[in-house]
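User: Hello! I am new to this structure and would like to learn how to read it. Could you walk me through a few of its features?

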Amino acid sequence: MTTLRLNPLLGTPLYLQLVEHLKHSIATGAIRAGEQLPSVRKMAEDLLINPNTVVRAYRDLESDGMVELRHGSGVFVRESVSSRTDLMKKAEPIIRSAVDRLESLDLEEDDIRRLMENELAQRRTARQTRKRRA
Amino acid sequence: MRESSTPNAASEEPVVAVTNLSRRFGSKIALNDVTLAVARGGVFGLVGENGAGKSTLIKHLLGLWRAEAGSVKVFGLDPVLDPPAVLGRIGYLSEQPDLPGWMRIDELLRYTQAFYPRWDATYAEQLLGQFGLDAGARVSTLSKGQRARLGLIAAEAHRPDLLILDEPSSGLDPIVRRDILEAIIRTVTDEGRTVIFSSHLLDEVERVSDHLAMLHKGTLKLCAPLDEIKARHRRVSLRFEVPQQQPPEVAGAIRVDGAGREWTVISDARRSYAPAVAQHLGAVIIEDAEASLDEIFVAHSGN
């Protein structure tokens, strides 16, 4: 957290720079589920920004479901928020068994890659169609 | 969270209320019909070029100058008529703190303490340690940065309800500037205390301010929450089919720059909508983005 520098000259509002940094820290596991974020005061003093900017960033993360505000005790990363690293670990055995089964059908590496791409593309199209109808 | 300290301008009397204040120095108009209010519990940034009237305004708040026209109220009181009641609750640091060179640091702090019933000696000690100042050193031997730090202790150690910093960062190195910004944040995170921060360093003002006022040649050009000021100003770049001899006429434009086929407009987003402007002028939008504080500042300094 101490290496973070927010720069008003970047064009991105300061509170969004902070939101993005915290989201990145949560995704990479640098801040873990259940962990408490620094108090508004501490964060404002460390980063030399207006405390209301920190409040705004925390509210933004709250409405994204990343953190919860526990009154009187602080701001915590939600237990349900898994880091990217954790998710990737969970995904590994799933993909391994899928690729094992595809290989048992004598499919080549290129076929498997093409199948995966096709499947993802079809899902993307379906999602977009749904969105247009809605 | 700080819900309880969110300024509520409607229900609370402002810390500072300036109404139709004007001031002349000879033929020069230093302040021209300035009206503004500073709400409790935030950082009020005051920007403007040298000579724009920032220090003149602040000297009125401190009761050093009497309002020639209009009125000035601080904590609901007239600072000229009731200096002890007002100054006892204000901490003030200027660009060049006027500190007596012959005194030692500890003598100066004792001397300053006498003016403030709420002086916190422990806090002063703590800041001395934090800033690495030697209590026995003579003020005349201090560097510019050390003087600024000492001035900051004198301004802060009585935990004033209103901290006024007039161009405190000018000519100081980044470490001392950081100390000053930290003092601002410390002051506002303490429930209900207020800071007025005058500076020409726009990135520092943007970092810490809730509210922003801009003076230009004695006239108040802007005074609103910082977020609102940023959301209100856009930078729109337009490209025309054929070179334009005259700058394009855009509703809500504050400044128009460019030549030939490409023009950039800083405009008031409430009064101009870029796609409509472009269509009306027969131009193509190259860029439509939030203007930076620097661009906003320059645009309003145009005349």
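Predicted model: local features only at pLDDT ≥ 70, side-chain atom pairs only at ≥ 80, totals over all residues.

User: Which residues make the contact between α2(A) and α6(B)?

Analyst: From α2(A) come A:Arg41, A:Ala44, A:Glu45 and A:Asp46, and from α6(B) come B:Arg178, B:Glu182, B:Ile185, B:Arg186 and B:Thr189. Sorted by kind, the residues of this contact are 6 charged, 2 nonpolar and 1 polar.

User: And how do I read the packing angle of those helices? What is it here?

Analyst: An angle over 145 degrees counts as roughly antiparallel. Here, helix α2 (residues 40–47) of chain A packs against helix α6 (residues 174–189) of chain B at about 160 degrees, and their axes are 9 Å apart. The two helices α2(A) and α6(B) are therefore roughly antiparallel to each other.

User: Now for the inside of the model. How many residues does the largest nonpolar core have?

Analyst: The general idea is that in soluble globular proteins, nonpolar side chains tend to be buried together. In this model the largest nonpolar core has 79 residues, and A:Leu18, B:Leu150, B:Ile153, B:Leu165 and B:Phe197 are those with the most contacts inside it. Helix α6(B) gives the largest share of this core, with 7 residues. There is also a second, separate core of 25 residues, which includes B:Leu21, B:Leu36, B:Ala52 and B:Ala213.

User: What is B:Phe197 in contact with, leaving aside its neighbours within four places in sequence?

Analyst: Its partners include B:Val43, B:Phe44, B:Leu46, B:Leu165, B:Pro168, B:Leu181, B:Ile184 and B:Val208. B:Ser169 is another one of the residues in contact with B:Phe197.

User: Where does B:Ser169 lie?

Analyst: B:Ser169 is in the loop between β6 (162–166) and α6 of chain B. Buried means under 20% relative accessible area, so B:Ser169, at 4% relative accessibility, counts as buried. Apart from neighbours within four places in sequence, B:Ser169 is in contact with B:Arg177, B:Ile180, B:Phe197, B:Leu201 and B:Glu204.

User: I would like to look at backbone angles too. What is the phi of B:Asp33?

Analyst: B:Asp33 has a positive phi of about 55 degrees, although it is not a glycine. You will find B:Asp33 in strand β2 (residues 28–38) of chain B, where B:Asp33 is partly exposed at a relative accessible area of 44%. B:Phe75 is not a glycine either, and its phi is positive at about 55 degrees. B:Phe75 sits in the loop between β4 (69–74) and α2 (83–87) of chain B, and at 13% relative accessibility B:Phe75 counts as buried.

User: One last topic: sequence distance and distance in space. How many residues apart in sequence are A:Arg32 and A:Val81?

Analyst: They are 49 residues apart in sequence, while their C-alpha atoms are 8.5 Å apart in space. A:Arg32 belongs to the loop between α1 (14–27) and α2 of chain A, and its relative accessible area of 42% makes A:Arg32 partly exposed. For another pair, take A:Arg5 and A:Thr53: they are 48 residues apart along the chain, and 14 Å separates their C-alpha atoms. A:Arg5 is in the segment before α1 of chain A and is exposed, with a relative accessible area of 58%.

Key. Residues numbered from 1 in each chain as written. Chains lettered and ligands numbered in written order. Heavy atoms only, no water. Axes fitted to C-alpha atoms, helices over the stretch in contact; angles between N-to-C directions. Helix = DSSP H or I, 4+ residues; strand = E, 2+ residues; numbered from the N terminus. Parallel < 35°, antiparallel > 145°, perpendicular 65-115°, else oblique. Contact = heavy atoms within 4.5 Å. Nonpolar A, V, L, I, M, F, W, Y, C, P; charged D, E, K, R; others polar. Core = buried A, V, L, I, M, F, W, Y, C linked by side-chain atoms within 4.5 Å. Buried < 20%, exposed > 50% of the residue type's maximum accessible area, 1.4 Å probe, protein only.
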